[in-house]
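Here are my notes on the model you sent over, written as numbered points. Keep the structure open while you read.

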Amino acid sequence: MATTGLRRRPLRFRARHAVAVFAVLILLSYGISMAEVYSGLAQRAKDCLVRQLAAAPDAATPAGFADPAWLTQRRGTVNDASCLNRTGVYGVARPADEAELASALAFAREHDLKVALSGARHSMGGQASWPGALILDMTALDRIAVDEASGTVRVGGGTLWRQVLEALHPHGLSVTGMPSIDVLSVGGTLSVNAHGTDFRTGSLAGTVRSLRLMKADGSVVTLDADHDPELFHAVIGGYGLFGVIVEAELATVPDEVYRLEQRVVATAELPDVLDALAADENNRLMSADLATAGSPLLDQAIVYTHARFTGSADEPMPDLRPEPDSPPARFLFNLARHRGPGQWLKWTLQRDLMPRLRQCGTSRNEALRAAEACLVSRSQAMYSDLSLLRHTIPQYTDILHEYFLPRDALVPFLRDAAAALQVSRAVALHASVRMVHAEPVLLDYARGDRYSVVLYLSQEVSVEGNRDMADLTRTLVDRALARGGTFYLPYQQHYTRDDLARAYPRIDEFFALKRRHDPELRFMNSLYRKYA
């Protein structure tokens, strides 16, 4: 019997060993699969389904007329960057010039179709679509003409900011202002009056010399601050409700070489630090990234500045270089969606390691003058498609929030936001602070010198995730309004009509002007239908 027991032990050992090896192989396989998903670069926009805005049956399957040959999509659905607004549409057209655009609008008038305008579709609340509508994809209207003599550039409304930078760079020019990502369209970002890291410029409104707008009847009008300033200041930040921006004339500035520097400060010190940096005329670009790890959240900031320096005019201007794709960096960024160690590691590497790895155009002479100098051109600093954010994880999507606060309210609001995020299911992947200023646009979100707080959040793709995001949005909107601030309108519409009126006291004037210029309400989106 003893001999038999001794013989059985190796068999049991081999069996346990085989099970252990099998388990390790499963874990490795799962880990490799997870690594591929979490590091993978999405090649097209996500189209997840939590809810679908259905077109009316008569609009989805129109009778009595044939579909035009120029439709690039018949029926089906469109979505936006949030992937949470799948919408049934009549179809999609992609006009290549003004004549084709006019034909599409004439077809919509003849058959009583609503029209919704889209560019890169980075709005997140249905602002670029409407159930049963004819969707105009404006990205083929991308002509660019640089006028060095006047220091301006004329661009088609569908032009991407990346294309504008590439066109200006050989002329030694750069944009006066643009959003922080270069794959958005000019017309789309003018329609939301976007802003970026040029804190002196603030929003795009002040960079626009003139606009050419095609109205619902097919007529084209030229607008500027002297010719129909009322409509001009309604179209900028007008969410495509007044017509199609077919062309914009934008101011430019010299494409100088800047020195990039960063410093880490406590968030409580941020207003004083930013004010001091803004007082230095050499500083031209500036933003602050907030800590998305630790307790409390958002209590530390990395302040980035791009500054002129002596001798920069003599530095050679390097070619624009696209950001190299980094699957490991994307994996780490996506790992932060699970909070805990992933969040801590991402923030720690951003604060301590990235300064040593960043892509710089440092010249030999400058490197001799200053150790570890990081020199980049203005256009290079803005030449970013943020491919790091384009992930393939099916169970998560990314949502933006943005709030505009008076100086004294910035730190208290960040404490409010940190407390709200601690109890939310949403995860802060990135948070930043910029500076904006009042503009004469009808829907002005700044109403003075303001700090912009941008939150980039990971949300679960589920009904529960939607409900939690709605609760978080309402909390932050309420806190911003209570502290004398406002909120941005291109994102999810979880706010109330009263919230909208408190943040934008001219909203009724805006809607009335829309009805005057578009009495048939041909241009339609969720902002008008939900709140007008």
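**Notes on the predicted model**

1. Let's start with Trp161. Apart from neighbours within four places in sequence, Trp161 is in contact with Val175, Gly177, Met178, Pro179, Asp182, Leu184, Ser185, Val186, Thr189, Leu204 and Leu250 (contact here means heavy atoms within 4.5 Å). Trp161 also turns up in the largest nonpolar core, which has 119 residues; along with Leu211, Leu270, Leu298, Val303, Tyr403 and Val433, Trp161 touches the most other members. A second, separate core has 20 residues, including Phe107, Leu134, Val244 and Val246. A nonpolar core is a set of buried Ala, Val, Leu, Ile, Met, Phe, Trp, Tyr and Cys residues joined through side-chain atoms within 4.5 Å. Buried means under 20% relative accessible area, exposed over 50%, and partly exposed in between, using a 1.4 Å probe and protein chains only.

2. A word on how to read this. Residues are numbered from 1 along each chain as its sequence is written, and side-chain values use heavy atoms, leaving out hydrogens and water.

3. Now the overall picture. The chain has 17 helices and 21 strands, taken as DSSP runs (H or I, at least four residues, for helices; E, at least two, for strands) and numbered from the N terminus. Of its 532 residues, 54% count as buried. Among contacts between residues at least 6 apart in sequence, 72% join residues at least 24 apart.

4. On to charges. The whole structure holds 29 salt bridges, each being a side-chain nitrogen of Lys or Arg within 4 Å of a carboxyl oxygen of Asp or Glu. Asp182, one of the Trp161 contacts, pairs with Arg162, with the closest N and O atoms 3.1 Å apart. Asp182 sits in the loop between strand S10 (173-175) and helix H5 (186-191), and Arg162 in helix H4 (residues 161-168), 20 residues apart. Both partners are buried.

5. What does Arg200 form a salt bridge with? The partner is Glu281, the closest N and O atoms being 3.6 Å apart. Arg200 lies in the loop between H5 and strand S11 (208-214) and Glu281 in the loop between helix H7 (270-278) and strand S15 (283-290), so the pair ties together parts 81 residues apart in sequence. Arg200 is partly exposed, at 27% relative accessibility.

6. Glu509 and Arg506 meet at 2.9 Å, N to O; Glu509 is partly exposed at 38%, and Arg506 is partly exposed at 36%. Asp272, Asp275, Arg407 and Asp408 form a salt-bridge network.

7. Finally, the rings. There are 15 aromatic pairs: rings of Phe, Tyr and Trp (its six-membered ring) with centres within 6.5 Å, called stacked if the planes are under 30 degrees apart, edge-to-face if over 60, and tilted otherwise. Phe333 and Tyr456 have centres 6.5 Å apart and planes at 50°, so the pair is tilted. Phe333 belongs to helix H8 (residues 327-335) and Tyr456 to strand S20 (residues 450-460), 123 residues apart. Phe333 is buried at 7%, and Tyr456 is buried at 13%. Ring pairs also link Phe242, Phe510, Phe511 and Tyr528 into a cluster.

Conventions:
This is a predicted model: local features need pLDDT of at least 70, side-chain atom pairs count only at pLDDT 80 or more; totals for chains, interfaces and linings use all residues.
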